[in-house]
Amino acid sequence: MASTYWKFRAQLADRPGGLASAARAYADLGANILDVDVHLLEPTQVADDVVIELAYWAEPGAVEAALLAAGATEVSGRRLDPHELVDGQARVIDLATRLVQARDGDAELLAVLPSLATCDLAWLGPAPGLAASPAQEHALAHHEPVITREPLARLGGDRDGKVWVAAIPWCVAGDRVACLARLGPRFSATEIARVQSMLGLADSLPLAHPSRV
């Protein structure tokens with residue numbers, strides 16, 4: 001049987017040896033590490049996104065258990081198609097090209113944002129189930145990104161019905177907000193910065209705002 005490809009995110013304490021412990025956990029399961037992307041969550045917490053080639057005999061559940069045993073406090077993983085194994089910088093250039101060539105800037109923007117910050121739902125402006133969102137209001141009022149937990153009926157959420165929401169203001173006038181939501185884990189500063197860069201590109205394109213043409 002052939003091996004499979006996976007992307008795991010493990011939240012760890014930001015201390016020397018943390019990543020090494022996770023790497024040993026992967027190695028003990030015969031996983032080949034193909035890419036590592038470190039995200040700062042808090043001054044003392046990081047999230048490591050690791051793309052691995054997993055041996056046919058290893059179960060994804062065993063990877064999660066091994067990472068938790070190595071000190072991770074939260075682990076999530078998803079299987080990747082081989083075509084997703086593209087150099088990160090090349091992938092971002094491709095996404096930017098798609099946006100530049102798009103006829104409907106908003107629709108294409110919503111299509112590319114999940115590739116920059118994995119999410120279960122993305123929208124521009126109010127969304128069903130997130131009426132009068134405090135995150136959106138704060139982001140627009142203070143012209144700064146907001147990461148928080150809020151109820152979102154469409155995704156279900158935890159026992160309190162909450163999911164992670166990132167609200168990111170954009171547009172030259174600062175009157176629009178892009179929102180992303182996922183069950184977990186928390187959005188990182190790196191993901192927000194990537195989204196902001198793509199929003200800045202979108203804001204410079206006339207087709208991103210048909211009313212300007």
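Entry 1, a helix pair. I took helices as DSSP runs of H or I with at least four residues, and strands as runs of E with at least two, numbered from the N terminus. I was working on a predicted model, in which local features need pLDDT of at least 70 and side-chain atom pairs count only at pLDDT 80 or more, while totals for chains, interfaces and linings use all residues. Residues are numbered from 1 along each chain as its sequence is written, and side-chain values use heavy atoms, with hydrogens and water left out.

I then noted that the axes of α3 (residues 88-101) and α6 (residues 189-203) come within 10 Å and cross at roughly 30°, the axes being lines fitted to C-alpha atoms, for helices over the stretch in contact, with angles from 0 to 180 degrees between N-to-C directions. That makes α3 roughly parallel to α6, a term for angles under 35 degrees.

Which residues meet here? On the α3 side I found Val92, Leu95, Ala96 and Leu99, and on the α6 side Met198, Leu201 and Ala202, where contact means heavy atoms within 4.5 Å. The residues of this contact divide into seven nonpolar, no polar and no charged (Ala, Val, Leu, Ile, Met, Phe, Trp, Tyr, Cys and Pro count as nonpolar, Asp, Glu, Lys and Arg as charged, the others, Gly among them, as polar).

Entry 2, the sheet. I found four strands in an open sheet, ordered β2-β3-β1-β4 with antiparallel pairing, where two strands pair if DSSP finds at least two bridges between them. The edge strands are β2 and β4 (74-80), each of which pairs on one side only. The twist averages 15° from one strand to the next.

Is β3 (residues 45-54) mostly covered or mostly open? I noted that nine of its 10 residues are buried, meaning under 20% relative accessible area with a 1.4 Å probe, protein chains only. Strand β1 (residues 4-13) is joined to β3 by 10 bridges, and Phe8 has Val50 as its bridge partner in β3. Strand β2 (residues 32-42) pairs with β3 over nine bridges, and a hairpin of two residues joins β2 to β3.

Technical notes
Parallel < 35°, antiparallel > 145°, perpendicular 65-115°, else oblique. Buried < 20%, exposed > 50% of the residue type's maximum accessible area, 1.4 Å probe, protein only.
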